[in-house]
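Good morning, and thank you for coming.

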Amino acid sequence: MLAIPGIVIPEALGIPGGVWTETGKVFLDGEAGRPEILQNPIIFAGIQIALFAAVEGYRSGKVAPPEGFVPGKGKFSGSDFAGLDPINPGGPLDFFNVASTPEDLAILKVKEIKNGRLAMIAMLGVFVQGLTTGEGPAANWGKHVADPFGYNFVTISAIERTPVLELVPATRGDPVMNGGAKKNDANASSLNMFERCAGTA
């Protein structure tokens with residue numbers, strides 16, 4: 001869920017690369033001011049591998065639980081995680097004691113799954129919005145607030161799909177015009193013949 005504020009806030013603040021559709025390009029081009037780091041994929045790959053290795057190692061039990069410090073609780077050691085769930089350990093990492101009982105922990109697990117599903121739907125909305133308008137969510141939201149009835153999904157879709165009729169002046173060489181002229185000539189001839197017949201009668 002933090003991905004949504006991470007997409008909206010940088011764009012609203014006008015940070016270089018803040019529009020999520022341009023972030024990768026800006027970073028790779030060095031426009032963010034740190035090209036020596038941002039243009040080196042080996043550094044990013046190394047950081048990700050190290051972090052994932054530590055997490056997966058602890059989850060599988062191959063790495064000893066970490067030691068650290070938590071505000072309000074002080075220092076903790078690996079022994080404080082003994083007997084706790086390696087995926088959702090709680091314990092020292094439960095800063096506000098929101099999962100102090102197994103029942104509370106079970107409820108929070110369900111809430112986390114629901115929150116993750118909502119986050120995926122929100123990201124899907126960001127992707128569809130970007131493909132439809134070519135802009136970021138902050139820009140779209142600003143236009144919608146300024147003109148709610150003139151700028152929304154319905155009006156954007158209607159504008160993009162409304163056929164445009166272009167009037168082109170007809171010329172003598174236009175077959176449609178020539179066909180119309182021939183038809184008018186035929187009608188005039190028929191009318192003249194009728195008038196002649198009526199006059200002789």
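Predicted model: local features only at pLDDT ≥ 70, side-chain atom pairs only at ≥ 80, totals over all residues.

I begin just after helix α5, where G134 takes a positive phi of about 75 degrees. Residues are numbered from 1 along each chain as its sequence is written, and side-chain values use heavy atoms, with hydrogens and water left out.

Read from the N terminus, the order of elements is α-α-α-α-β-β-α-α-α-α. Of the 201 residues, 14% count as buried, where buried means under 20% relative accessible area, exposed means over 50%, and partly exposed lies in between, with a 1.4 Å probe and protein chains only. The protein exposes about 15,300 Å², and carbon and sulfur atoms supply 67% of that area. Accessible areas come from the Shrake-Rupley method with a 1.4 Å probe, and for residues only the protein chains shown count as cover.

I return to helix α5, residues 102-133. This helix has 32 residues and reaches 46 Å from its first C-alpha to its last, close to the 46 Å expected at 1.5 Å a residue; the expected span is 1.5 Å times one less than the number of residues. Which residues of α5 are buried? They are A119, M123, V126 and G130, and the buried residues of α5 pack against α1. In general, an α-helix has 3.6 residues a turn, so residues three or four places apart point the same way.

Helix α1, residues 3-13, packs against α5 at an angle of about 35 degrees, with the axes 9 Å apart. Axes are lines fitted to C-alpha atoms, for helices over the stretch in contact, and angles run from 0 to 180 degrees between N-to-C directions. On the α1 side, the contact (heavy atoms within 4.5 Å) is made by A3, I4 and I7, and on the α5 side by A122, M123 and V126. By class, this contact has 6 nonpolar, no polar and no charged residues. Here Ala, Val, Leu, Ile, Met, Phe, Trp, Tyr, Cys and Pro count as nonpolar, Asp, Glu, Lys and Arg as charged, and the others, Gly among them, as polar.

How does α1 meet helix α6, residues 137-146? The two pack at an angle of about 70 degrees, with their axes 8 Å apart. α1 is therefore roughly perpendicular to α6, a term for angles of 65 to 115 degrees; under 35 counts as roughly parallel, over 145 as roughly antiparallel, and the rest as oblique. In this contact, I7, V8, E11 and A12 of α1 meet P137, A138 and A139 of α6. By class, there are 6 nonpolar, no polar and 1 charged residues.

E11 deserves a moment. This residue of α1 is buried, with a relative accessible area of 14%.

Finally, V70 is found in strand β1, residues 68-70, and counts as buried at 2% relative accessibility. Setting aside residues up to four places away in sequence, V70 touches F76, P92 and F95.

How values were computed:
Helix = DSSP H or I, 4+ residues; strand = E, 2+ residues; numbered from the N terminus.
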